[in-house]
Amino acid sequence: MHKHVEWDDPGRDSVLAHFASHPEQLVEPRPGDILSARYQGAIVRMKVEAWVDGTSIGEVAALIAADNGRRMKSHGKLALGDTVRLPDNYRALEPEPSDPEEDRE
């Protein structure tokens, strides 16, 4: 049984928006692929077990605080190992790592 998740809108990090001008480059997720999404401000990585009609089904492989990159065992109602469904429209690109030099300016 999967856990119902209210995913955050990926906004400018949307995978579908990124590939809108080149849809032929967007590939269907396969078992073993790692996808990224946002949940309550955190970065969620999931390991795909199956893809059905535009939705990936898989296990939460990582929960990462967006502000400092700290790994978490749980966040909100999600925990490592939970089985979730991730619709393609909520898939997100990984954020660019923060540059400490830029932060000081």
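Predicted model: local features only at pLDDT ≥ 70, side-chain atom pairs only at ≥ 80, totals over all residues.
**Notebook: salt bridges**

I began with D82, which counts as buried (under 20% relative accessible area, with exposed over 50% and partly exposed in between, using a 1.4 Å probe on protein chains only), because its relative accessibility is 16%. Residues are numbered from 1 along each chain as its sequence is written, and side-chain values use heavy atoms, with hydrogens and water left out.

Next I looked up salt bridges (a side-chain nitrogen of Lys or Arg within 4 Å of a carboxyl oxygen of Asp or Glu). I got a count of five.

Entry: D82 and K3. Their closest N and O atoms are 3.2 Å apart, in a salt bridge. D82 sits in the loop between strand 6 (78-79) and strand 7 (83-87), and K3 in the segment before helix 1 (15-18), so the pair ties together parts 79 residues apart in sequence. Helices (H or I, at least four residues) and strands (E, at least two) are DSSP runs, numbered from the N terminus. K3 is partly exposed at 31%.

Entry: R38 and D13. I found this salt bridge at 3.2 Å, N to O. R38 is in strand 1 (residues 34-39) and D13 in the segment before helix 1, so parts 25 residues apart in sequence are tied together. Both R38 and D13 are buried.

Entry: R45 and E94. Their side chains meet at 3.1 Å, N to O. I noted R45 as partly exposed at 26% and E94 as partly exposed at 35%. Salt bridges that share partners also join R12, D13 and R38 into one network.
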